[in-house]
Amino acid sequence: MTDIGALGGTLHHEEQRLEEQYPGVLGLDLKKRLLGPVLSLLVVAYLTLCFFAFDVPGVMEKARGDMAQLFALDAYAHKVHAKYQFKKANQGFVVSLEGNRRAIYKEQPDWIAQSAGQTSILLGNDGVLRFADDVVTYTHPEYEQAFTFKVGDGVPQFVSGADADWLKVSKTQVNARPSLYTRIWLTKSKVEVHRYFGGWENFWFDFDSGLNGLGVGELMSLAFSSERLDPDVSNIRFMFNEFWMNSEWQHGEVYFALLQTLIMAVVGTLIAGILALPLAFAAAANVNPVKLARTGVRRFFDFLRGVDMLIWSLIFIRAFGLGPLSGIFAIFFTDTGTFGKLFSEAIENADKKQAEGVQATGASPVQKYRFGLFPQILPLFISQMLYYLESNTRSATVIGALGAGGIGLKLIETMRTRQDWENTLYLIFLIIVVVMMMDQLSGWLRRKLIEGQA
Amino acid sequence: MAAHLALAEASRLAEISQAYERVARRRTLYTLSLLGLCVLCIFGGLFVADQANSGGFWAGLDKFFDYPAELFIGAYEEGVIGLFALVLQYFPYLVETVNIALVSTLLAFFLGGALSFVASRNLVSNRLGVAVMRRVMDVFRAFPEIVIALLLVLIFGPSPVAAVIAVTTHTIGALAKQFSEVNENCDLKAAEGIRSVGGNWMEQIRFGILPQVLPNFLSYTLLRLEVNVRASAILGFVGAGGLGAELKMVVDWNYGADILVIIFMLVLSITSIDYLSGWMRQKLIGQTGQV
């Protein structure tokens with residue numbers, strides 16, 4: 001039976017023994033203990049510094065929230081204008097898509113009702129607007145009293161109604177935006193109502209195309225009907241042409257641009273891989289014994305890689321003009337450097353026993369590398385190239401936006417107009433889908449080719 | 001008897017050699033058709049690209065050195081002192097570009113790291129949750145930085161904030177994917193040990209998993225830093241601040257010396273960050289002996 005004191009002594013002894021055997025295990029030294037907190041503090045300090053260096057509060061204050069809202073709305077909805085002009089009173093309300101004169105609806109929509117000199121425009125959740133005898137009466141569900149305006153005789157007059165913050169009456173016009181989806185606009189010459197509706201308009205066919213507005217069933221029956229819409233071509237061909245040549249959505253051009261971007265990525269990666277392969281052998285220490293030549297090739301790789309794709313694309317756009325050819329060159333110049341570096345490292349890390357074995361059978365130097373070294377590194381080559389194929393699809397979009405054409409340029413063009421947001425969203429969607437598809441494809445091929453072999 | 005056996009062996013040998021030849025022929029056929037496909041891709045692609053380009057390849061070939069020559073002539077005219085003054089003038093923008101890359105990489109390291117733990121199959125038992133998180137990562141990763149940057153420049157105006165958000169978004173996806181692959185390859189015994197003494201999920205991750213995966217995390221992050229410096233330079237071109245924005249301006253105005261100085265500064269910083277990150281990664285990974 002041991003007493004407590006002896007036990008404590010044993011424990012103390014044991015602790016000492018452990019401390020001696022594994023130094024630093026029981027109590028970490030000060031440097032190591034402080035490392036975590038000090039690093040975290042530094043990171044926080046740096047981020048705070050940058051927060052103010054980038055003037056985040058100022059930027060947030062100046063941010064155009066309305067732009068973001070408008071973009072978000074316009075990206076999934078389309079606007080319909082109903083316009084009444086006093087000079088053309090006999091036409092009544094002309095309903096058009098985004099006020100486009102070439103996109104006027106032939107039939108009045110069901111939210112505009114006409115009866116005995118009065119026009120009622122239903123505004124969904126925003127109430128009803130009535131127009132009769134040069135008086136506009138607007139009833140909003142949240143206001144008991146209706147808003148009335150005298151129009152047609154000079155500048156519109158605000159006759160009666162409550163004070164609402166969405167209603168702006170100026171000397172020349174009345175502008176009311178009861179919600180994001182509705183706008184009422186009165187001037188000396190017109191009464192105009194804008195309403196937003198969900199969905200992309202004219203996505204399949206042009207506004208004035210005979211096919212616009214037909215349902216899937218009708219289109220199907222048309223496609224297999226023997227009666228030709230256009231005597232020269234079959235109905236399916238005609239429908240495809242109408243879709244492909246859609247003037248607002250430009251499906252034909254968009255898909256060709258997408259093809260150009262893919263061509264840039266695939267061709268650029270392939271050429272880079274093919275060029276980098278022999279150069280990588282020349283840069284590997286176990287293949288090329290001449291140190292000077294090796295260093296030269298390595299510096300060349302560094303140069304190609306260091307001069308970024310951005311700068312290469314600038315130079316090639318200058319030489320070859322705007323377009324995917326310049327993009328291909330920019331990609332393969334940069335990636336020849338990257339692949340060269342990766343491949344030559346792989347060659348140096350390869351097992352030399354196999355090459356020696358082949359050499360022992362009396363093989364020539366070329367045969368030695370072909371059968372002793374090449375099979376070892378081939379899977380790595382292919383896997384790296386597939387990795388970069390996916391990443392280059394994204395890069396091709398980026399340098400496309402800088403002027404190398406393809407979907408990137410299309411994207412920047414639609415953005416510059418600042419109104420075709422639905423087209424922008426469509427392009428972004430296509431880009432994301434294509435990049436994700438390339439990602440899946442490259443992953444699948446990698447698994448098939450590399451792991452399937454093993 | 002012996003002769004009979006030899007004959008049988010010979011026929012067996014012939015069979016084997018025939019089979020070998022068949023396999024060899026088939027492999028050659030596969031290889032050749034794959035190579036043919038590659039050649040077809042390259043030449044077909046080059047042909048389409050040449051058609052779509054506004055200037056042709058052959059017309060542009062002899063003009064290839066014109067632009068660099070123009071730049072060097074501009075730089076020569078500026079003189080050494082003038083060039084040095086330009087370096088000083090553009091240095092703050094270089095700092096901004098590097099800062100954009102560093103801030104985005106840091107933010108993405110933390111956010112992507114957090115995301116990776118809930119997207120690893122071996123750490124989370126909820127299969128559906130993991131699948132959803134992986135799709136979220138894929139979408140983040142698929143966003144080319146320029147798309148987000150263009151949108152944000154419209155909203156925020158020309159500001160580095162747009163670049164930071166754009167680069168961070170893409171990097172979160174990219175890092176989270178690589179991180180979760182590291183997580184799935186790690187040894188679970190340490191986490192089990194923590195659980196056996198009553199540690200909750202957070203503690204298992206913190207003390208069981210994190211010490212194992214941190215070196216690899218840092219290594220991937222350093223690699224990303226290098227990629228992000230390039231990306232933030234490009235984003236400047238669409239108005240998101242930094243050296244890229246200055247480069248865009250002088251390219252439009254065709255100031256040879258300025259262009260060359262900015263290119264030189266970019267290349268120098270990209271190359272040095274490249275070397276630095278390579279050296280640090282070797283240290284990190286060498287320490288643990290992984291990968």
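Where in α3(B) is the kink centred? At B:Gly79, with a bend of about 105 degrees. The bend at a residue is the angle between axes fitted to the seven residues ending there and the seven starting there.

This is a predicted model: local features need pLDDT of at least 70, side-chain atom pairs count only at pLDDT 80 or more, and totals for chains, interfaces and linings use all residues. Residues are numbered from 1 along each chain as its sequence is written, and chains are lettered from A and ligands numbered from 1 in the order in which they are written.

Back to α3(B), residues 66–118. Helices here are DSSP runs (H or I, at least four residues), numbered from the N terminus.

Next, a helix pair. The axes of α4(B), residues 127–142, and α6(B), residues 160–184, come within 7 Å and cross at roughly 130 degrees. Axes are lines fitted to C-alpha atoms over the stretch in contact, and angles run from 0 to 180 degrees between N-to-C directions.

Now the chain contact. Chain B gives 49 residues and chain A gives 52. Contact means C-beta atoms, placed from the backbone, within 7 Å. On the side of chain B that touches chain A, α1(B) supplies the largest share, nine residues. That side divides into 35 nonpolar, nine polar and five charged residues. Nonpolar means Ala, Val, Leu, Ile, Met, Phe, Trp, Tyr, Cys and Pro; charged means Asp, Glu, Lys and Arg; the others, Gly among them, are polar.

Notes: Helix = DSSP H or I, 4+ residues; strand = E, 2+ residues; numbered from the N terminus. Expected span 1.5 Å × (residues − 1). Contact = placed C-beta atoms within 7 Å.
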